[in-house]
Amino acid sequence: MKRQLILEDGTVFIGEAFGADTERMGEVVFNTGMTGYQEIISDPSYCNQIVTLTYPLIGNYGINRDDFETIIPAISGFVVKEVADLPSNWRSELSLDEYFKQNNIPGISGIDTRKLTRIIRQHGTLKGALVSIDSNPDEVIKELRTKQLPTDQVKQVSTKSAYPSPGRGSRVVLVDFGMKHGILRELNKRDCDVVVVPYNVTAEEVLKLRPDGIMLSNGPGDPKDVPEAIEMIQGVQGKVPLFGICLGHQLFALANGANTEPLKFGHRGSNHPVKELATGKIAITSQNHGYTVEEDSIAATALEVTHVALNDGTVEGLKHNQYPAFTVQYHPEASPGPEDANGLFDQFMNMIDAAKVEGVK
């Protein structure tokens, strides 16, 4: 069965349909990772987006029970050059087609994903629609150009109520803006007593939980669409050690007077080089974000840039010069992909331990 991918600039791709027999609109983005498609399609940061993979063959090792980043996927659609019909891996339980049918997500294969990626790189991120072959492209293009995409992605993917993930170590309040399970896994690995809370939690509610540390998770969308979180961060920083990832990094910057801005086509892939300024060390990182902290806006704040992207020089890490708090734009918990930055979780644990000692004094 044929299916169309139509972009707001008027470009029309015709390919083979797979997954659910439904139509979806969303922001069309691309990811350059060669592996990790299961983690990509289950990453809540892709909420309401149609994800294109630049690697040509996707689905060859199937879908397994262990590699999900969330239980319910939030992407709007999936675009690939070739989808594997018969996956081969000892852990495989479903094909991509079967998984997308189960979760009501449409996919399209057999199109020129190189051409699509070049369009996005040239023009910036575009709205798009996956529709049936019978849909009128002119009508779809007109609707795309007038339609406003949702801005409540964080609300869509965040937990609705607090819940514990018990451990016997330090208590960490993990604020869920669209949390990848990998973050929770890394905290559990360090025996943290984790309490996961919704995106709109107040500073007072966080501090009532008597945390030893606060974790700000990744998430989708524009950080300026989450003003509740900015107010909460302002109320807790300086009182408890804090570590933020991706959207959490951007919200931390906004809470301290810096500014964020959209990137032309975002950073999405598993091989982005990032330099730590203090040591000169280069880490190969996994990234997924469409916004960045504006470097010029940091000068008038109490923040300091700690990491930069080598590809385009954008800000990849911050620390507070007065409080025990630091953030990174990339994903140190990332799975799959490199684990170069995984030690940042140990840095957070050391910061918590130091704050405990300071508290005893």
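The model is predicted, so local features need pLDDT of at least 70 and side-chain atom pairs count only at pLDDT 80 or more, while totals for chains, interfaces and linings use all residues. Residues are numbered from 1 along each chain as its sequence is written, and side-chain values use heavy atoms, with hydrogens and water left out. Helices (H or I, at least four residues) and strands (E, at least two) are DSSP runs, numbered from the N terminus.

**Nonpolar cores**

- The largest nonpolar core has 35 residues, and V175, F177, L216, M232 and L318 have the most contacts inside it.
- A core here is a set of buried Ala, Val, Leu, Ile, Met, Phe, Trp, Tyr and Cys residues joined through side-chain atoms within 4.5 Å; buried means under 20% relative accessible area, exposed over 50% and partly exposed in between, with a 1.4 Å probe and protein chains only.
- At least two residues of this core come from each of β11 (171–175), β12 (193–197), α7 (203–208), β13 (213–216), α8 (227–236), α9 (247–255), β17 (303–309) and β18 (315–320).
- Helix α9 supplies the largest share of this core, six residues.
- Leaving aside neighbours within four places in sequence, L318 is in contact (heavy atoms within 4.5 Å) with H249, F252, A253, V293, I298, L303, E304, V305, T306, F326 and T327.
- Apart from this core lies another, of 24 residues, with L184, F326, V328 and F348 among them.

- Nine of the nine residues of α9 are buried, so the helix is largely enclosed by the rest of the structure.
- The buried residues of α9 are L247, G248, H249, Q250, L251, F252, A253, L254 and A255.
- Just after α9 comes G257, with a positive phi of about 95°.
- Over in α6 (residues 181–189), G182, I183, L184, E186 and L187 are buried.
- D191 follows α6 and has a positive phi too, near 60°.

- The largest pocket has a volume of about 580 Å³.
- Of its 30 lining residues, E27, Q49, Q153, G221 and Y291 are the closest to the centre.
- On a 1 Å grid over the protein atoms alone, a pocket is an open set of points where a 1.4 Å probe fits, with protein on both sides within 12 Å along at least five of seven lines; lining residues have an atom within 4 Å of a point.
- Grid points are joined across faces, edges and corners, and a volume is the space filled by probe spheres set on the points.
- β9 (126–132), α9, β15 (260–276) and β16 (282–293) each give at least two residues to the lining of the largest pocket, and β16 gives the most, with four.
- That lining divides into ten nonpolar, 13 polar and seven charged residues, where Ala, Val, Leu, Ile, Met, Phe, Trp, Tyr, Cys and Pro count as nonpolar, Asp, Glu, Lys and Arg as charged, and the others, Gly among them, as polar.
- The second largest pocket has a volume of about 440 Å³.
- Of the 21 residues lining the second largest pocket, T70, I72, Q156, V157 and S158 are the closest to its centre.

**Around N64**

- N64 sits in the loop between β5 (57–58) and β6 (77–79), and at 3% relative accessibility N64 counts as buried.
- Not counting residues up to four places away in sequence, N64 touches Q38, R91 and E93.
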